[in-house]
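Here are my notes on the model you sent over. Have it open while you read.

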Amino acid sequence: MRRSDRPSTTRPPGQTRCRLTGASALAAAFAILALLLIPWVGAQSPPPGAGVVDSFAKLDTNGDGSLDAAEAGSLGFFKPADTDGDGRVTAEEARIFAAKPGTVPAPGSRRTAGMEGDGDAPVFHWPVAPVTIPETECPVEVIEATAADGRAVRAWWRKPRGDGPFPTILFIHGGLSEFPEASLRQHLTDNPVLTRFLEAGYAVVMATFRTYEQDVQSRGPIEDVRAVLRRTAKLAGVDPRRIALYGGSGGGSIAFELGGDPEVRAIVAGEPATVLYTGMLTTGEYGPRLEMMADPEKFFTPELRARTLAKLKTIRAPVLILHGDRHDLHKLNKPLFLPLMKEAGVKVQYREFPGYGHGFYFGGGADRWGKGADEQVVADVIREVGLFLDREMPPAPIAVDAGNAPGWVTNTVSAPNVTFHTFTSAAAKSEVSFHVYTPPVEGKEKDRRFPVLYWLHGTGGGLAGIAPLSGWFDAAIRDGKIPPMHVVFPNGLPASLWCDSSDGVRPVETVLIRELIPLVDRTFRTLATREGRIIEGFSMGGYGAARLGFRYPELFGAVSILAGGPLDLDFAGPRATGNPAERERILDQTFGGDLDRYRAVHPITVAEEQADAVRGRVRVRIAVGSADFTEPLNRDYSAHLRNLTIDHTFTVVPGVDHDTLALLRGLGEANWAFYASLAATAAPAVPASGTHERTLSHAGLDRVYRLRIPPGYDGSKPVPLVLAFHGGEGSAAVAEAGLGFNPLADQHGFIVVYPQGTPNPGRGFGWNDGRVSPRFPGRETVDDIGFIRALIEVLKSELKVDPRRIYATGNSNGGFMTQRLGWELGDLLAAIAPSAGTLGAAFEAEFAPEHPVHVLYLHGTADPAVPFDGGEVIGRGGIALSAPRMVELWVTANGSASPPKIETLPKNTSDATRVVRETYALGPEGAEVVFYRIEGHGHNWPGRVSRGVNSQSGPSTGELNAAEVVWAFFETHPKVKPPATAP
């Protein structure tokens, strides 16, 4: 604080200016160092000598320019400052002591010893970086108010982006002095705690109050903050039903004084200066103040105790106290004040943070009572306060009206590492929203994939739980209690029971299972296997986790049922009987009023139907609080699973009611072991070399693929991946035997996967390459593009795949499929090499790839099945584009230049075929198109040995080995880099 900003002071008579300067230096050192003046951390310190002018004179009662032990009282600095051990501290000793690095935080005005809570210098330097939120997005605005006695009061505030209304936190600094407006404003932009709450979706207000150093029991500061509080409740954008006070030290005392005001819905107090609130502190003398905190029982008289109890009984708001274990206020607050609060009926929680100094709760600290704030404690404070406020100030419940359209797109929740997303749902015929927590390490470990937890909310929509739950998991990940994982918060609508409604309007199950899970695996770096997925939920979400986890054991490796409900077949549990209107609304909206339909999809029924599929395959836990109304039905459900011999754990947490985070916290270390054990089983093992046949469940079908692992693969470095597609009436095994990639893979160390299509009506398997014809009835409904995308993601999660070297190739129907993949999966594929397959003619008008890919295309001019010049594919196989037209489309899409370089390759055999290679110049993003026009070649995969001639295949060339040509192209064509963003 500048000298002009301070209250005026008067020098004692007889003091010379020289004597006063020395005294002020000593007073600054003593008052700040020994009494802990700045928990909001250290401000920029001027040289010793600036500070309070008259404090030393008050201590130096005999006026000799030094202090003895009697004059210093119980000040903790006395012994370390008395460097010569003579029992006196001189001005010079004080100057030397004060000048030691780290000894003096910011100089301040007159302070209340050891309980101020905040520095008041104009410039602060926080030990933890703030969240930078531009004022252009969230401006700092002034609040004008008038106290009860007519005094004008000003405060500053910021609100999140959007219209609100927002939950709001009114911050009250500590100390007994008024903050300058510049400091108030600055805290809103650079304080690590305030900015994090702003980022989390809270409006934040920074208030100050008139000084009450001369009268520490004055009501004036309380009335100043009350005026700001009442004005805040009327601000546009503030939710008046969700305002919390957050006070530190002396500010915590003021917060308690306002705890009975109707505008206050919750109180957070950081090491509250209860010596003020109780009335113990009546003097401005430093020594007695510290003595009170050092031995509070001596000063907390029965009269003060009775008066404090009466005051506490007026507090209606729930309270969270954040406290270190070293500050002397701890000796009053924990053993004396906290029990008194409970006796008064105050709903209070007490969280202790060992080792931290006074002010850590505001992101500051660092004093003789403990260490300063760091990233860990700030994160812990944000989490603890967020959980508390979310529980005590929940948003208004979302009204559920059967006549209203479903709310598929929710509001955005702002929380650290949480992002909001929407996608177009074919099932819901609407945009659908969801939130995702992403572990911070994902940005550093680019090749790593992570387990994913699907968190199903309870009735009401679940938005209020996203921030505290994501903070809960984030803290556990940072502490190493669980491995990094994604947490997905789907939108299950307010009262769907996570089921598809009978009228089709609310297909919640379909949206989650068929659409969202594949989308998450495509979009995020997840372990896209059942072993890498957990489904968990609370209340209605617990019901949904039980039902969906058991119904789809191929998707989930673990099921966590937390206080699940309704877990009875008659829908007649405590909540249903207590709210019959809600029961009827859910029955009507989701099940068409049909109780039998409700029973048919109930978790009890699903467990019976799926017991064999679940048993020994899915890890299951059930947890509920002993005071939870759902406890009896959860216990019954556990007994039902035991009767079905489905292994699971059943835990009842003592004393916990229907409270999500209290239940999770009550599970203790066993909670983290549940997640960690799944993540451990999800970690992929290195497969042995050779061919492995596997299946992948996608869109309700079990899809087969064959995986070739080369010798020497150990998962230590990324390797290329080649997808090789069979033709129509072929199979994965046929492709592996006939395309010739295995020897090349073994030699060059790349992985080959041979996917298999779906059954043809006649024989073999085929691909939905986009053609529609009588030969392929219903083929156009098969999601082969989605299957291949999911397969790539699975392989990337299990194997060390180089993401810039993923390729696709195939012949005939496999060639058509490869063309389509290059178009629709260009975000994943580096290059494609189709043979004897173009695209259906209907695709020509809409062909518009969004990503450049390298293209090597082979086609014979004597192909009788897929005519080189286009037309009907043999056997009523649809109408195909010509080979030259297909090349033109790729040249245009990649921006390549024409005409090409044309080469006739030297003859290698005496057969009648000849190879002409057309090479087009690179496009602007570096993608290349190469066309092998094989004159006289038919419909076969080109090889060095002729396979003869038949009516469907035509002649074969021996001029080139397609597998060798394709791999040589792939080997030199990694994925093109995206263009640089323009400045």
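**Notes on the sheet and its helices**

1. Ser-835 has Leu-858 of E29 as its bridge partner. Strand E28 (residues 831-835) and strand E29 (residues 854-860) run parallel, and three bridges join them. Helices (H or I, at least four residues) and strands (E, at least two) are DSSP runs, numbered from the N terminus; two strands pair if DSSP finds at least two bridges between them.

2. Before going on: this is a predicted model, where local features need pLDDT of at least 70, side-chain atom pairs count only at pLDDT 80 or more, and totals for chains, interfaces and linings use all residues. Residues are numbered from 1 along each chain as its sequence is written, and side-chain values use heavy atoms, with hydrogens and water left out.

3. The open sheet has 10 strands with mixed pairing, in the order E21-E22-E24-E23-E27-E28-E29-E34-E33-E32. Strands E21 (690-698) and E32 (897-904) are at the edges with a single partner strand each, so one side of each has no neighbour in the sheet.

4. Now look at helix H26 (residues 732-739): Ala-732, Ala-735, Glu-736 and Leu-739 are buried (under 20% relative accessible area, with exposed over 50% and partly exposed in between; 1.4 Å probe, protein chains only). They sit on the same side of H26 because they cover an arc of only 100° around the axis (taken from the directions from the helix axis to the C-beta atoms). Val-734 and Ala-737 are exposed, on the face turned away from the buried side.

5. Just after H26, Gly-740 has a positive phi of about 85°.
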